[in-house]
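Me: I would like to go through the strands and sheets here. Could we begin once the structure is shown?

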Amino acid sequence: MPPHNMHKPKRITIIEDNPVIREGFAELICASPAYQLAAQYSNCEHALKNLETDQPDLVLMDIALPGMDGIKGTSLLKKRRPHCIVLIITVLEDSSKVFQSLCAGAGGYIIKNSDSTDILKNIAEAFAGGAPMSLNIAKMVVQSFNRSPNSPLSAREQEVLQGIASGKSYSKIALDLFISKETVRSHIKNIYQKLAVNSKSDAIKVADANKWL
Amino acid sequence: MLKGNASHPDYHEIRAVLSAILIGLPLVLLFPAVLYFIGRPVTGFLINAVLLVTTLFSIKNFAHYRIPMSITALVTYYIIYSWIKDTGLIYSSNLCMLHMYLLAAILADKKYGWYAVFTNILLFILIYYQTIAEAPSLPIDAALGSPLYALVMNALITIFFGGFLAYLQMDQERDRRALKALQEQKITILDRAVKKRTEQLNTMREALATDFHDETGNMLSAINRQAAVLKLRLGTNPQLQPIVESIVHNSNALYSASKDFLWHLNHDSDDPTELFHYLTAYGQYYYNQFDIAFSALEQYCSPRLMDPQAAINLIYIFKEAMTNVVKHAQASEVTFEMECLSDQVIYLLKDNGSWRIPEDHQHHYGLENIKKRCEKNRFVFSMASTPLGTQLKVNVKTPNAAP
């Protein structure tokens, strides 16, 4: 990253149809000097239309939206702006919808009910190259990778994924694998990236051979 | 063991034998009562009656009848044969005793009935040959004609009984099949109704969960977000900040309680393993907020169910315990374990810290709440502390565990 960009606030767009929640997130971001509110929308269609003007570095995306849902929105947004991080904002962290969003290219998720500090921490972690993963999401990820014979995951990523799926906390995984918690989180981010790629090839294979699902 | 137990495989068979003997016994005793007055021997009937009573006692004491029944059959044959032998062989009126015996055998047990059909015919043939051998000495022979006629008539009567027996069996088998088909039909109808109802309930539960997802959860999040905005705008106002924090705290507590409640409604929460997974997921999420190494150790548990109310109470117990570990134990490592015994499941929360002796009321209440909840739900609670750590153990009865 060039030096003049070091302190440039990151641009964040919010897509959430509940105005109270949307404005709550907006005010939190505005209050943080590290971030700049690029725009806020109540639907995906408008957000995608203004994507080039807004130039977000990160998008906070709700799943259930009027019109196009957050899963489809994530997929289209990532195609047009691959380096933009999409974080899903959700009520329940381990729903299959969150998993589908991760398959569509989301880099993580934030629980809508979290404390302000946790929300800012999650956003900062996402920028630092990390992501969270719950036990149930880990189980869904394991199943998804198990469907294809050649797993794209590295041995370390496998260990991290298995650790989470067996109920270990990040600290426990870090302790067992002699790595830092940050490294655990960066492995999770890589797992999500591979999951998105894997899901795409999965979809193509399904269309081609129609032998799965 | 057999008494009143209609589902026992031998129940109907023994019941038939028993009722045949109970009806047959007074009828058998009718013969000596009458024959005594016309000066005929009655000992055979009395021996037969004693053997029948013995069979009755055998059924009562050992639920067994085959050996005494077989002895009774053989002795009866011997007695009847001795009467026939002395009263004109194939022409003897005592031959009717053999038909009577056959009838009783059919009534008592169909298998004995078939044996009796064949043994009677064999006995008739034997008597027929004895009649031929002694023909010149039997003056009645001339009056009654050929002994073959008597043999054929007696054999035909026996076959006639055999026909009845076959019909009886066929009829019973047909009834049994019809009854079974009817039972299966009823079971299918009932099964479908139960399935339909379960599906309806599941749809209702799913709708509840979706509602929570879309409405309640969002509303609680909105409260939380508004409280957060309020907190930002208020700055460090010492009077109003605690109120805002209390709003956030209460909204979070409601959110968490609703999640538990919905999980309890929506999943197989009476399955101890499912509960273990839920609590493991919670422990992982909770301890991820701190620098605490949390892991879970699961032992295979044969399929079993807990009391429907057990899960929600165990959730409250272990959430409280997990919170207490952070608040009071100063532990760096926590393990959650499940062990299964034949009739119970044990949940264990181990940490490498030491729970402080209660200094404040809050901690005291926390542990007291856990104990009270265990007591109320008949869980066995125990807690052990060593310098290496603390272990909290809850035993839950699962009486319907599969072997």
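Me: In which sense do strand β3 and strand β5 of chain B pair?
Reply: Strand β3 (residues 344-351) and strand β5 (residues 389-397) of chain B pair in the antiparallel sense, over eight bridges. Strands are DSSP runs (E, at least two residues), numbered from the N terminus, and two strands pair if DSSP finds at least two bridges between them. This is a predicted model, in which local features need pLDDT of at least 70, side-chain atom pairs count only at pLDDT 80 or more, and totals for chains, interfaces and linings use all residues. Residues are numbered from 1 along each chain as its sequence is written, while chains are lettered from A and ligands numbered from 1 in the order in which they are written.

Me: Which residue is the bridge partner of Leu348(B)?
Reply: Leu348(B) has Lys393(B) in β5(B) as its bridge partner.

Me: What is the strand order in the sheet of chain B?
Reply: The order is β1-β2-β3-β5-β4, five strands in an open sheet with mixed pairing. β1 (293-298) and β4 (380-386) of chain B each have a single partner strand, so one side of each is left without a neighbour in the sheet.

Me: Now chain A: how many bridges join β1 to β2?
Reply: Six bridges join β1 (residues 10-15) to β2 (residues 35-41) of chain A, and the two strands run parallel. Ile15(A) stands opposite Tyr41(A) in β2(A).

Me: Which strand is joined to β1(A) by four bridges?
Reply: That is β3 (residues 58-62) of chain A, which runs parallel to β1(A). Within β3(A), Leu60(A) is the bridge partner of Ile14(A).
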